[in-house]
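This report describes one protein model, starting with the whole chain and ending with its aromatic rings. Look over the sequence and structure before reading on.

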Amino acid sequence: MATTEPAPRGGAHRDPGPGDGDPEEGRDDSRGGGDGGGGGTAEESRQLDPALLLVLFLLTAVMFQDPVRRALGAPVMQSWTTVFVAVMIQALPFLVLGVLLSAAIAVFVPPSFFARALPGRPSLAVPVAGAVGAVLPGCECASVPVAGALVRRGVAPAAALAFLLSAPAINPIVLTATAVAFPNDPVMVLARFTASLLVACLMGWLWQRHGRADWLRPPSRSSYEGRSRGAAFWGSVRHDVMHAGGFLVVGAMAAATLKAVVPAPWLQRAADHPVLSVLVLAALAVLLSICSEADAFVAASLTQFSLTARLAFLVVGPMVDLKLFAMQVGTFGRGFALRFAPATLVLAVAVSALTGAVLL
């Protein structure tokens, strides 16, 4: 009896394990399980949120289908829709092609190729780098990381910056899109090429002469290094399509709104002033941040403005806009971007006005 009575007590202590048999801990575990269940429910509800929002949106659309139909049937909305769809349809093929080519260049062309192709003297490397940008397709989303890779490989910063500005502005895809967007003004292609290449070279020489090493933070390692080429390629494509496509939608919406909603006398008043029209479209290019493969179609839709003002839109956009400024801050540092972007903007506006006065 004496030996059999403590055995159950010992077994009771051993079966749950040390500390597990404590009633308080058992209650804690049960509460933890309850919390875990609550967490799972919260997680499930969070996962259902997008579906619920979609259902609510569809129900709202069904409930208000008559007012929505009347609003879409208004002449103003029909004009807005026509301009928006026209810009998107014209620009999307060039956008997709440009993204594919820029991703291929960023992933499959080694940065050492550029280092070997450029002259050793920075003053000569700047125009050569600008000319290389004219034959290698790539949007501004790809030019910043490529320029960062060039600096990491020892290329002179002045040459890398000239490539950064020229590649998204005068590559074959951009010039072809410009020719398609301006079929009655083929000289616009020459004007865009001349003004953009001149700005790229002047900024490269300006940095070579006045730039300081402590203004340019050494670029960090590329996010695609260490991954397979296929994974890096499709990762770059997905990023650029989502990034540039979103800005294209915003740009097309802005162009359609300017055409359909803003009173024509207001636009005409700004367009009739030679200086104000250039400044307005240059500021619009900075704010809209449209991909360079698609900006020509937005510029072509702004028929109220002169060719010179639209040239400023095409030259400024691929070199200075909000997304480019953010990318330059992340790649080269805030001190660099705060000096480089304003100087590029002023020079791009001035060169565009002069080029337009001569060629257009």
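Predicted model: local features only at pLDDT ≥ 70, side-chain atom pairs only at ≥ 80, totals over all residues.

## Surface

## Overall fold

The protein has 17 helices and 0 strands. It consists of 360 residues, of which 42% count as buried.

Contacts can also be sorted by distance along the sequence. Among contacts in the protein with a separation of 6 or more, 83% are between residues 24 or more positions apart.

## Aromatic pairs

The whole structure contains 6 aromatic pairs. One of them joins Trp207 and Phe336 in an edge-to-face arrangement, with 5.4 Å centre to centre and 70° between the planes. Trp207 belongs to helix 10 (residues 187–210) and Phe336 to helix 17 (residues 334–359), so this pair ties together parts that are 129 residues apart in sequence. Trp207 is buried, at 12% relative accessible area, and Phe336 is buried as well, at 0%.

Phe233 and Trp234 form another pair: their ring centres are 5.0 Å apart and their planes meet at 80°, so the pair is edge-to-face.

## Aromatic cluster

Trp207 and Phe336 also belong to one aromatic cluster, together with Trp215, Phe332 and Phe340.

Key
Residues numbered from 1 in each chain as written. Heavy atoms only, no water. Helix = DSSP H or I, 4+ residues; strand = E, 2+ residues; numbered from the N terminus. Buried < 20%, exposed > 50% of the residue type's maximum accessible area, 1.4 Å probe, protein only. Contact = heavy atoms within 4.5 Å. Phe/Tyr/Trp six-rings, centres within 6.5 Å; stacked < 30°, edge-to-face > 60°.
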